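Subject: Structure handover

Hello,

Here is the structure I said I would pass on. My notes on it follow below.

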Amino acid sequence: MTATHSPTAAASGANATERFKSDKLAGVAGTPKERVSLLAREVLEAVHATIRKHKVTYDEYNALKSWLISVGEDGEWPLFLDVWVEHVVEEVATEHRKGNKGTIEGPYYVPDAPEQGARGSVPTRENEPGTALTWTGQVTSTTGEALGGAKVELWHADADGLYSQFAPGIPEWNLRGTFTTDEEGRFEIRTVRPAPYQIPTDGACGKLIAAAGWHAWRPAHLHVKVSAPGHELLTAQLYFPGDEHNDDDIASAVKPELLLDPKPAENGETVEYSFVLDPAL
Ligand code: MBD
Ligand code: FE
């Protein structure tokens with residue numbers, strides 16, 4: 001991937017912040033005082049303990065303050081939280097499940113992607129770069145029932161590692177589609193293989209990565225949300241074997257159950273991957 005194709009903080013951060021505000025703020029107002037007090041106190045105590053343990057200086061305190069200010073200015077709170085915190089929230093939220101493993105949503109989901117039926121292609125540009133990938137699968141319940149009419153929402157980066165609506169110059173719904181399973185719960189999706197994804201290096205998160213000597217990469221991944229009436233929504237990502245970042249994903253979101261096994265085909269690759277949904281709580 002060339003530098004000209006790197007995602008920028010300006011293009012992705014502000015959009016991710018707006019997206020979050022419009023989608024995710026319903027229902028968060030009712031948290032009881034006792035719960036807020038408990039959680040806020042324990043997080044602050046953990047910060048205090050780190051300061052004492054490592055004798056944090058005023059210079060370091062001011063570096064933190066200035067960095068926190070820039071996270072907001074760059075619109076990178078969604079990116080920061082989804083990369084370094086969400087994986088533990090997801091772990092706790094789904095530990096009771098018997099069906100499919102899921103993983104984090106990340107900052108780039110957009111609801112209501114165009115409907116493509118049970119079999120079809122995600123929206124692509126003419127000559128969309130990348131290896132063609134035909135994915136077949138079935139949605140069933142933990143009781144073994146086929147789930148017809150289930151929704152499989154797919155979104156992913158292109159062969160340059162860029163997401164539509166979060167990088168300039170890409171058609172609005174490129175590589176974003178909603179599929180609806182047939183009576184047997186089956187679907188067939190045609191898309192292209194995404195590239196590994198580098199989080200923007202020119203914003204606050206990039207500054208932290210550079211200052212700490214970390215890397216900015218996620219392995220190539222397909223994002224999905226799978227839903228059916230009476231079942232828990234499954235949010236997952238699927239990964240490709242052999243990707244050099246499967247073992248050191250910056251977002252800690254890879255699980256062995258989420259690795260695909262693509263096979264070479266006449267035109268690109270084929271892959272089978274199915275989903276098992278838990279009953280709604
Ligand atoms: C991504 O594409 C992503 O999936 C996550 C979790 C964080 C940043 C970019
Ligand atoms: Fe992603």
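A helix axis here is a line fitted to the C-alpha atoms over the stretch in contact, and an angle runs from 0 to 180 degrees between N-to-C directions. Please keep in mind that this is a predicted model.

Helix packing. Helix α3 (residues 58-73) and helix α6 (residues 204-212) have axes that come within 8 Å and cross at roughly 140 degrees. On the α3 side, W67, S70 and V71 make the contact, and on the α6 side A204, C205, K207 and L208 do. Sorted by class, this contact of α3 with α6 has five nonpolar residues, one polar and one charged.

H221 counts as buried because its relative accessible area is 3%, under the 20% cut-off. H223 is buried too, with a relative accessible area of 5%.

Cavities. There are three cavities of 30 Å³ or more in the structure. The largest cavity has a volume of about 120 Å³. Its lining consists of 16 residues, and V83, G106, P107, R218 and H223 lie nearest the centre. Two elements, α4 (77-84) and β8 (221-227), each give two or more residues to that lining; the largest share, three residues, comes from α4. By class, the lining of the largest cavity has nine nonpolar, four polar and three charged residues.

Regards

Technical notes:
Residues are numbered from 1 along each chain as its sequence is written. Chains are lettered from A and ligands numbered from 1 in the order in which they are written. This is a predicted model: local features need pLDDT of at least 70, side-chain atom pairs count only at pLDDT 80 or more; totals for chains, interfaces and linings use all residues. Side-chain values use heavy atoms; hydrogens and water are left out. Helices (H or I, at least four residues) and strands (E, at least two) are DSSP runs, numbered from the N terminus. Contact means heavy atoms within 4.5 Å. Ala, Val, Leu, Ile, Met, Phe, Trp, Tyr, Cys and Pro count as nonpolar, Asp, Glu, Lys and Arg as charged, and the others, Gly among them, as polar. Buried means under 20% relative accessible area, exposed over 50%, partly exposed in between (1.4 Å probe, protein chains only). On a 1 Å grid over the protein atoms alone, a cavity is a set of points where a 1.4 Å probe fits but cannot get out, and a pocket is an open set with protein on both sides within 12 Å along at least five of seven lines; lining residues have an atom within 4 Å of a point. Grid points are joined across faces, edges and corners, and a volume is the space filled by probe spheres set on the points.
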